[in-house]
Amino acid sequence: MRNLIIATTAALISVGLTASANADKHAFNDAESAVDYRQNALSIMRDNFVAMAEMVKGEVEYDAAIFSQRADDFARLSHIPWDGFSVEGAMPGENTDALPEIWDNWDDFKQRSEDFIQGAEQLATVASTGSMSDIAPAFKEAAKNCKGCHDNYKD
Ligand code: HEC
């Protein structure tokens, strides 16, 4: 019985240790999957962005429900890519356009990603009103954040 208690206690301690070690883990284990992860996330984000751009420019007829759904998805996706930059070793390489400046200016990069998320959430809020005259400026504001970051940190 005593041995059983000791074994159980040891097992619980080791479960506890594993759980706290996992707190530092990301959705991927190595630099290559981190790069894939962020590029995939940025691509689906872009798909939603392009669909909205077509309606803002009038190339596709504005449909408030579809636009609002795109804006909601876009806002959710705006949170996703950045974790893929935070893994140690997910540095520039052959299969990425990320510039080394990101890791030299991490606080600025992080701030830009946070401003971007805020802009995307703002756009989703405005999109739910169904008024294109309010949507267009919010959309342009979000677009500025893409360009600002790409100009500094993307090859
Ligand atoms: C905070 C910085 C930042 C913001 C904001 C940002 N991007 Fe990027 N984006 C990057 C970086 C860095 C890369 C290069 C990633 C790589 O290749 O590893 C990239 C790559 C991409 C790619 C290429 C993905 C691939 O398959 O290689 C697309 C598409 C993209 N971004 C679209 C957008 C759009 C659209 C927006 C705005 C709605 C946006 N990005 C906002 C930093 C940003």
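Among contacts in the chain between residues at least 6 apart in sequence, 74% join residues at least 24 apart, where contact means heavy atoms within 4.5 Å. The model on your screen is predicted, and local features need pLDDT of at least 70, side-chain atom pairs count only at pLDDT 80 or more, while totals for chains, interfaces and linings use all residues. Residues are numbered from 1 along each chain as its sequence is written, and side-chain values use heavy atoms, with hydrogens and water left out.

**The whole chain.** Show the chain as a cartoon: it has 6 helices and 0 strands, and from the N terminus on the elements run α-α-α-α-α-α. Helices (H or I, at least four residues) and strands (E, at least two) are DSSP runs, numbered from the N terminus. Of the 155 residues of the chain, 30% count as buried, a term that means under 20% relative accessible area, with exposed over 50% and partly exposed in between (1.4 Å probe, protein chains only).

**Helices α2 and α3.** Select residues 31-56 for α2 together with α3, and you will find axes that come within 9 Å and cross at roughly 145°; axes here are lines fitted to C-alpha atoms, for helices over the stretch in contact, and angles run from 0 to 180 degrees between N-to-C directions. The crossing of α2 with α3 is left-handed, which is said when the near helix is turned anticlockwise from the far one by less than a right angle, and right-handed is said if clockwise. To see the contact, display I44, M45, D47, N48, F49, A51, M52, M55 and V56 on α2, and I66, F67, R70, A71, D73, F74 and L77 on α3. The residues of this contact of α2 with α3 divide into 12 nonpolar, 1 polar and 3 charged, where Ala, Val, Leu, Ile, Met, Phe, Trp, Tyr, Cys and Pro count as nonpolar, Asp, Glu, Lys and Arg as charged, and the others, Gly among them, as polar.

**Helices α3 and α5.** Next select α3 (residues 64-77) with α5, whose axes come within 8 Å and cross at roughly 160°. The two helices α3 and α5 are therefore roughly antiparallel to each other; angles over 145 degrees count as roughly antiparallel, under 35 as roughly parallel, 65 to 115 as roughly perpendicular and the rest as oblique. The crossing of α3 and α5 is left-handed, and its contact is made by F67, S68, A71, D72, F74 and A75 of α3 with F116, A120, E121, L123, A124 and A127 of α5. By class, the residues of the contact of α3 with α5 are 9 nonpolar, 1 polar and 2 charged.

Which residues does A120 touch, not counting residues up to four places away in sequence? They are F74, A75 and S78, and A120 counts as buried at 0% relative accessibility. The C-alpha atoms of A120 and D73 are separated by 9.6 Å, although the two residues are 47 apart along the chain. Move on to A127, also to be found in helix α5, which counts as buried at 2% relative accessibility. With the same exclusion of residues up to four places away in sequence, A127 touches Y62, F67, S68, A71 and I135. The C-alpha atoms of A127 and F67, 60 residues apart along the chain, are separated by 6.9 Å.

**A proline in a loop.** Select P81, in the loop between α3 and α4 (101-104); P81 is buried, with a relative accessible area of 0%. Leaving out residues up to four places away in sequence, P81 touches R38, A41, L42 and M45. P81 and S113 are 32 residues apart in sequence and 9.1 Å apart in space, C-alpha to C-alpha.

**Helices α5 and α6.** Now show α5 (residues 106-127) with α6, where the axes come within 9 Å and cross at roughly 160°, and α5 and α6 are therefore roughly antiparallel to each other. This crossing of α5 and α6 is left-handed. Among the residues that meet are D108, F109, R112 and F116 in α5, and I135, F139, C146 and C149 in α6. The residues of the contact of α5 with α6 divide into 12 nonpolar, 3 polar and 4 charged.

**The iron.** Finish on H150, which lies in helix α6 (residues 132-153). What is the single donor from the protein to the iron atom of the ligand? It is H150, through NE2, 2.0 Å away; donors are N, O and S atoms within 2.8 Å of the metal (3.2 Å for Na, K and Ca), and water is not among the atoms, so sites may look incomplete.
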